[in-house]
Amino acid sequence: MPDSQTSASRGRVRIARGASPWLLPTVATAALSLVRSRRSRGAAVVAVPATALAAGMLWFFRDPERQISQGRVISPADGVVQSIMPWKDGRTRVAIFMSPLNVHVNRAPLSGEVTSVEHIPGGFVPAFNKESENNERVVWHFDTELGDIEMVQIAGAVARRIVPYIPQGTKVEQGDRIGLIRFGSRVDIYLPEGVDVAVEVGQKTVAGVTRIDRD
């Protein structure tokens with residue numbers, strides 16, 4: 001029988017760090033319009049879409065607790081595997097597309113040390129488009145037992161803000177929260193040469209749960 005405290009912890013959902021610039025004004029507008037709706041017909045009209053938008057924001061910025069899976073490399077993102085591509089240097093890139101319905105908090109794919117966090121300016125092409133490789137992005141490098149692991153958070157047409165949670169030099173455990181991408185976007189992870197991919201194109205992934213590599 002599972003420990004009750006462990007089960008409760010896994011069931012908890014909190015709000016993602018970095019959500020406040022979007023969430024607070026939306027919730028405040030909804031609350032104010034609901035209070036004023038008793039006296040004002042105009043406020044009542046505003047209250048319905050404002051409340052719906054606030055509920056949508058709360059859903060989008062959810063950050064559920066996860067039981068982290070065992071495995072050498074686990075998914076850094078919730079979403080769908082968009083592509084699996086061999087790279088010229090022998091690595092394999094696994095691209096995970098995140099829709100607005102996914103949890104947008106990203107997690108460390110392996111335990112190790114963050115050796116680099118680089119923000120690269122760029123465009124805002126839809127994340128499922130090939131040209132999105134030139135989008136605004138944050139490139140991470142982790143020093144792990146498999147060597148250097150590269151992960152890239154890519155902004156999309158709507159997602160125009162990537163919020164790293166931790167700086168260079170931080171030691172992380174597999175599955176730790178490392179950053180947030182606001183709204184639909186993409187996360188790429190590069191597996192080292194000799195590491196086989198366990199997922200397939202079109203497969204759904206869960207950050208901290210789905211194993212990316214195969215023994």
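A contact is taken as heavy atoms within 4.5 Å. On this basis, residues 24 or more positions apart account for 69% of the contacts in the chain with a separation of 6 or more. The structure is a predicted model, in which local features need pLDDT of at least 70 and side-chain atom pairs count only at pLDDT 80 or more, while totals for chains, interfaces and linings use all residues. Residues are numbered from 1 along each chain as its sequence is written, and side-chain values use heavy atoms, with hydrogens and water left out.

The chain contains 3 helices and 15 strands; helices (H or I, at least four residues) and strands (E, at least two) are DSSP runs numbered from the N terminus. Of its 215 residues, 45% are buried, where buried means under 20% relative accessible area, exposed over 50%, and partly exposed in between (1.4 Å probe, protein chains only). The chain exposes about 11,200 Å², of which carbon and sulfur atoms supply 56%. Accessible areas come from the Shrake-Rupley method with a 1.4 Å probe, and for residues only the protein chains shown count as cover.

Eight strands form an open sheet with antiparallel pairing, in the order 10-6-7-8-12-4-3-14. Two strands are regarded as paired if DSSP finds at least two bridges between them. Strand 10 (171-172) and strand 14 (204-205) are the edge strands, each pairing on one side only.

Within this sheet, strand 4 (residues 92-98) pairs with strand 12 (residues 185-191) in the antiparallel sense over 7 bridges. The bridge partner of V94 in strand 12 is I189, and V94 in strand 4 is in turn the bridge partner of I84. Strand 3 and strand 4 run antiparallel and are joined by 6 bridges. These two strands form a hairpin with 5 residues between them, and G90 in the turn has a positive phi of about 100 degrees. Strand 3 (residues 79-86) is also joined to strand 14 by 2 bridges, again antiparallel; here V80 has K204 of strand 14 as its bridge partner.

L58 is located in helix 3 (residues 41-60). L58 counts as partly exposed because its relative accessibility is 39%.
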